Amino acid sequence: CGWYRDSYMESSLQHHPTRELAEELIAEIEQGIDGTDIRPGIIGEIGTNHYHLTALEERCLRAEAMAARETGLALTTHLPKAGVAFEVLDIVAEYAVPPDRVVIGHADIYQDADYHARIMDRGAYVEYDNIRSANNVPLGDLDALVAELVGRGYANRILLSHDICWRSHLHHYGGDGFDYVARAFIPQLKEKGVSDEAIQTMTVDNPRDVLTV
């Protein structure tokens with residue numbers, strides 16, 4: 001539900017005002033997608049591959065923020081570059097979307113505890129979502145980074161996931177599969193001293209809160 005990033009957006013979006021785009025999303029959320037009764041549980045994955053939003057990405061984000069405000073769904077983002085999270089949070093705030101309804105994704109691509117803490121201090125969730133062994137994101141220090149932030153008191157603002165998007169990520173094709181976080185990464189966190197309570201918060205409580213309308 002929503003639009004991904006500029007290079008994936010259809011050119012026809014240029015011809016529709018922001019409010020009309022928002023109404024399209026609201027209809028999907030309240031009635032169903034493309035004439036079905038399938039309704040989305042979150043708006044996204046939305047964002048950019050740049051250090052800033054393009055003009056079209058910003059307009060779509062504004063439409064998505066309107067839809068989030070009026071339906072209660074959370075927003076999940078694709079923001080692999082440092083700094084752009086604050087631009088997104090500032091725009092979403094203009095539409096009175098609570099920051100705890102925003103997920104800043106791909107945080108593991110830019111592993112900086114202080115930067116992530118500043119995002120969470122704004123009230124948003126930080127998502128480490130490229131957790132798999134066959135990966136171009138360095139996992140060697142990610143367990144230490146998450147453990148540090150948990151130690152600072154941020155467990156209630158951290159989400160963990162895999163970003164499985166290719167066949168090669170699945171067990172059937174030789175990948176880590178959907179159980180990698182539970183099977184491999186959680187034990188690493190425990191070795192770093194992360195408590196069962198904090199793990200419950202990150203893997204059960206936080207996702208439930210984000211997906212509850």
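Which residues are buried in helix 3? In this predicted model, they are Val-84, Ala-85, Phe-86, Val-88, Leu-89, Ile-91 and Val-92. Helix 3, residues 84-93, is thus mostly covered, with 7 of its 10 residues buried. The elements against which these buried residues pack are listed below.

| Packing partner of helix 3 | Residues |
|---|---|
| Strand 2 | 75-78 |
| Strand 3 | 102-104 |
| Helix 4 | 113-121 |
| Helix 2 | 55-71 |

Helix 2 also meets helix 1, residues 18-31: the two axes come within 8 Å and cross at roughly 45 degrees. An angle between 35 and 65 degrees counts as oblique, and helix 1 and helix 2 are therefore oblique to each other. Their crossing is right-handed. On the side of helix 1, the contact is made by Thr-18, Arg-19, Leu-21, Ala-22, Leu-25, Ile-26, Ile-29 and Glu-30. Helix 2 contributes Arg-59, Cys-60, Arg-62, Ala-63, Glu-64, Met-66, Ala-67, Arg-69, Glu-70 and Thr-71. By type, the residues of this contact comprise 9 nonpolar, 7 charged and 2 polar.

The largest nonpolar core has 63 residues. Ile-119, Tyr-128, Val-146, Leu-149, Ile-158, Leu-160 and Met-202 have the most contacts inside this core. Helix 2 gives the most to the core, with 8 residues. A second, separate core has 5 residues, among them Ala-74, Tyr-125, Leu-159 and Val-210.

Neighbours within four places in sequence aside, Tyr-128 is in contact with Val-146, Leu-149, Ile-158 and Leu-160, among others. The contacts of Tyr-128 also include Asp-108, His-116 and Ser-161, as well as Leu-159, which belongs to the second core.

Definitions and conventions
Residues numbered from 1 in each chain as written. Predicted model: local features only at pLDDT ≥ 70, side-chain atom pairs only at ≥ 80, totals over all residues. Heavy atoms only, no water. Axes fitted to C-alpha atoms, helices over the stretch in contact; angles between N-to-C directions. Helix = DSSP H or I, 4+ residues; strand = E, 2+ residues; numbered from the N terminus. Parallel < 35°, antiparallel > 145°, perpendicular 65-115°, else oblique. Left-handed = near helix turned anticlockwise from the far one by under 90°. Contact = heavy atoms within 4.5 Å. Nonpolar A, V, L, I, M, F, W, Y, C, P; charged D, E, K, R; others polar. Buried < 20%, exposed > 50% of the residue type's maximum accessible area, 1.4 Å probe, protein only. Core = buried A, V, L, I, M, F, W, Y, C linked by side-chain atoms within 4.5 Å.
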